[in-house]
Amino acid sequence: MVEEVVGVVAAVGAGALVYLVAAARVVKQYERGLVFRLGRLHGDVRLPGFNLIVPGVERLRKVNMQIVTMPVPAQEGISRDNVTVRVDAVVYFKVVDPSAAIVNVEDYRFAVSQMAQTSLRSIIGKSELDDLLSNREKLNQGLELMIDSPAVEWGVTIDRVEIKDVSLPDTMKRSMARQAEADRERRARLINADAEYQASKKLAQAARQMADTPSALQLRLLQTVMAVAAEKNSTLVLPIPVELLRFLERGAQPPAERSGLAESPGLAESPGPAESPGPAESPAPAESPAPAENSGEAESPGHAGTADRAEITERAAGLTDQAAEAMEKLRRAVEQ
């Protein structure tokens, strides 16, 4: 009798152990459990830990509550400014209502993936190329709202949506590169023009200052020569002042023209025929002296002014010859 009781107890214990093993379920910390009794959702959501169900009658469905990172395949579309682009993105979402995620939708992961792809194509068609390249924050927010609106009924919330990469055709890349290069060139020219404008103002101030002090121009010329000579070049460029060229030009003119251009103080003071009257001062054509009388007028009291002009002419001719010799020597030195 005792043996029968022991056998029954052992059999009951074994059956209880088997039932316990079959009914025991462990829900992890990042999961939630849903119990379906004969196909119907029963009870509340099972929390993490050890849980028991009725074997053969109930079935436990676990739902992951972690944030899911889902890459969205690259979608090709035409932007609003008629540019063909290829855009891919990534979606971060998580389940907030396990019952709705399991009951309301067949596969919430697949549903979110398809919704993300269609929303991405819609965003591409509504946006311009510049927005896709530089204004991605606004596009990310719009894409998140488009995906999150239907996902609320699925017990899923969209945590974040990011556009990863925008692929452009090679022709568009080259066009953008040329545009950027042209813009840089335009900015460089504007900066250079502004610098020239500021430099011209400073040079105008310097020119006015040198006009007040003529010796400053000579000092500046000597500084230029020293700067060129300091580089140890075989060729020395020596600028010639414009005043010297004008002086040489006057010296190369005939004596009659030089006498009219170079006015001496004696001419202004000598009265009578020595003053060269203009057309307005001559009384009448009949009173103009004949060529024979001009020789007599040359011997009038104004002959001192004529002598001065002749002396100036001789000096100018001498200086012209000296300048020519100096230029010839300079040319020979440069050739050597």
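**Reading salt bridges in a predicted model**

Modeller: Glu 185 forms a salt bridge with Arg 189, their closest N and O atoms lying 3.4 Å apart. This is a predicted model, in which local features need pLDDT of at least 70 and side-chain atom pairs count only at pLDDT 80 or more, while totals for chains, interfaces and linings use all residues. Residues are numbered from 1 along each chain as its sequence is written, and side-chain values use heavy atoms, with hydrogens and water left out.

Biologist: What is a salt bridge?

Modeller: Side chains of opposite charge can pair when their charged atoms come close. The rule here asks for a side-chain nitrogen of Lys or Arg within 4 Å of a carboxyl oxygen of Asp or Glu. By this rule the count comes to six salt bridges.

Biologist: Where do Glu 185 and Arg 189 sit in helix H6?

Modeller: They are four residues apart in helix H6, about one helical turn. A helix is a DSSP run of H or I with at least four residues, a strand a run of E with at least two, both numbered from the N terminus.

Biologist: Is Arg 189 buried or exposed?

Modeller: Arg 189 is exposed at 58% relative accessibility, and Glu 185 is partly exposed at 42%. Buried means under 20% relative accessible area, exposed over 50%, and partly exposed in between (1.4 Å probe, protein chains only).

Biologist: Which side chain does Glu 128 meet in a salt bridge?

Modeller: Glu 128 meets Arg 80, at 3.4 Å from N to O. This pair links distant parts of the chain, 48 residues apart.
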